[in-house]
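The following note sets out a number of points on the structure shown below. They proceed from the chain as a whole to individual elements and residues.

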Amino acid sequence: ALAASYRHKRWKEKRRGERIVLEEDKARSIREIVLGSPSSGPQERWLPFPSICEALAELEIRSPRQVVLAPAERVTKEHLRGFSYPLVLKLLSSEIIHKTEVGGVILGIRDFQDLERALRRLKAATAALPGHVDGYLVQEEIQDGVEAFVGVAPDPTFGPLLMCGIGGTQVELLKDIAFSVVPVTDSRAEEMIGSLKAKALLEGFRGAPSLDKEALVEIILKTSALVEAVPEVSEIDFNPIKVLPRGEGAVVVDARVRFAADDSRRS
């Protein structure tokens with residue numbers, strides 16, 4: 001009983017921290033990006049990838065230099081003006097969640113001819129897939145850093161739950177995940193990261209350089225602010241996020257956002 005009382009005292013004295021609240025103009029702009037197009041499909045649907053990129057830019061969350069190709073579109077050197085090799089080629093599909101499991105991600109593309117071959121190979125491989133292909137994504141490859149993820153999932157009792165973890169493609173295997181209700185403050189985000197078993201990877205494991213944990217905290221806070229600004233958002237998956245060495249930030253390499261077309265989630 002004394003121990004429980006002491007823990008409660010420590011909790012009451014703990015710094016509550018600060019959260020990010022989007023300015024009215026920025027919140028309105030993000031709402032227009034997410035909800036601006038009229039709904040012609042189901043009540044809940046996935047946000048198109050170009051719109052996700054717009055929302056990330058509004059939130060000042062970094063993503064790699066990238067270009068989206070339509071399903072039948074050929075890649076040209078004009079598409080890649082200003083790009084640096086190596087590149088990554090990815091399948092875009094709202095119906096195929098795990099792209100790596102269907103061969104939908106090709107890494108280490110070293111030149112334009114290699115990219116053309118990879119695109120032909122990926123189009124041939126995805127032609128037989130049951131899910132709809134929205135297009136293809138060409139990105140600069142981020143080779144440094146550790147893979148992390150930040151996401152949001154709905155909970156019938158608590159509303160949107162924000163999640164973070166280490167692992168990228170191994171998230172479901174490792175299940176090293178921290179949860180928090182929204183809104184999330186900076187002190188709570190630091191606690192979430194500190195509770196992960198793999199937190200040592202961010203702190204410089206076995207002589208590796210320490211990583212930019214503060215940048216990952218900022219992505220958590222901005223994701224929380226996005227959910228507050230657009231309550232219709234029901235699911236977010238920023239995975240993987242490449243957390244770079246300290247001072248170099250973090251980059252959202254892939255992202256999915258599901259939203260409701262009406263105001264039903266506001267309640």
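1. Surface. The accessible surface of the protein chain amounts to about 14,400 Å², and carbon and sulfur atoms contribute 51% of it. Of the 267 residues, 43% count as buried. These values are computed from a predicted model.

2. Overall form. The protein chain contains eight helices and 11 strands. Its radius of gyration is 20 Å, close to the 18 Å that the globule rule gives for 267 residues, so the chain is as compact as a globular protein of that length. The C-alpha trace spans about 70 × 50 × 35 Å along its principal axes. Among contacts with a separation of 6 or more, 65% are between residues 24 or more positions apart.

3. Four strands form an open sheet in the order 2-5-3-4, with antiparallel pairing. Strand 2 (66–69) and strand 4 (105–109) are the edge strands, each of which pairs on one side only. On average, neighbouring strands of this sheet are turned by 15° against each other, direction ignored.

4. Strand 2 and its partner. Four bridges connect strand 2 with strand 5 (residues 135–140) in the antiparallel sense. V68 has L137, in strand 5, as its bridge partner. Helix 3 (residues 49–58) packs on the sheet, where it touches strand 2, strand 3 (87–92) and strand 5. The direction of helix 3 makes about 155° with that of strand 2.

5. The helix pair. How do helix 2 and helix 3 lie relative to each other? The axes of helix 2 (residues 24–35) and helix 3 come within 9 Å and cross at roughly 170°. Angles over 145 degrees count as roughly antiparallel, and the two helices are therefore roughly antiparallel to each other. Helix 2 contributes K26, S29, I30 and I33 to the contact, while helix 3 contributes S51, E54, A55 and E58.

6. E60 is located in the loop between helix 3 and strand 2. Its phi is near 60°, a positive value in a residue other than glycine. Is E60 buried or exposed? A residue counts as exposed if its relative accessibility is over 50%; E60, at 60%, is therefore exposed.

7. R110 and its surroundings. R110 lies in the loop between strand 4 and helix 4 (112–126). With a relative accessibility of 53%, R110 also counts as exposed. Leaving aside residues up to four places away in sequence, R110 touches Y85, P86 and Q143. R110 and W11 are separated by 99 residues in sequence and by 52 Å in space, C-alpha to C-alpha.

8. Two cis peptide bonds. P86, one of the residues touched by R110, is placed in the loop between strand 2 and strand 3. The peptide bond from Y85 to P86 is cis, with omega near 5°. The peptide bond from V182 to P183 is likewise cis, with omega near 5°. P183 belongs to the loop between strand 8 and helix 6 (186–194).

9. Strands 7 and 8. Strand 7 (residues 159–166) and strand 8 run antiparallel and are joined by five bridges. The bridge partner of L162 is S180, in strand 8.

Key
Residues numbered from 1 in each chain as written. Predicted model: local features only at pLDDT ≥ 70, side-chain atom pairs only at ≥ 80, totals over all residues. Heavy atoms only, no water. Pairing = 2+ DSSP bridges. Axes fitted to C-alpha atoms, helices over the stretch in contact; angles between N-to-C directions. Contact = heavy atoms within 4.5 Å. Rg over C-alpha atoms; globule rule 2.2 N^0.38 Å. Buried < 20%, exposed > 50% of the residue type's maximum accessible area, 1.4 Å probe, protein only. Areas by Shrake-Rupley, 256 points an atom, 1.4 Å probe, with all protein chains shown as cover. Parallel < 35°, antiparallel > 145°, perpendicular 65-115°, else oblique.
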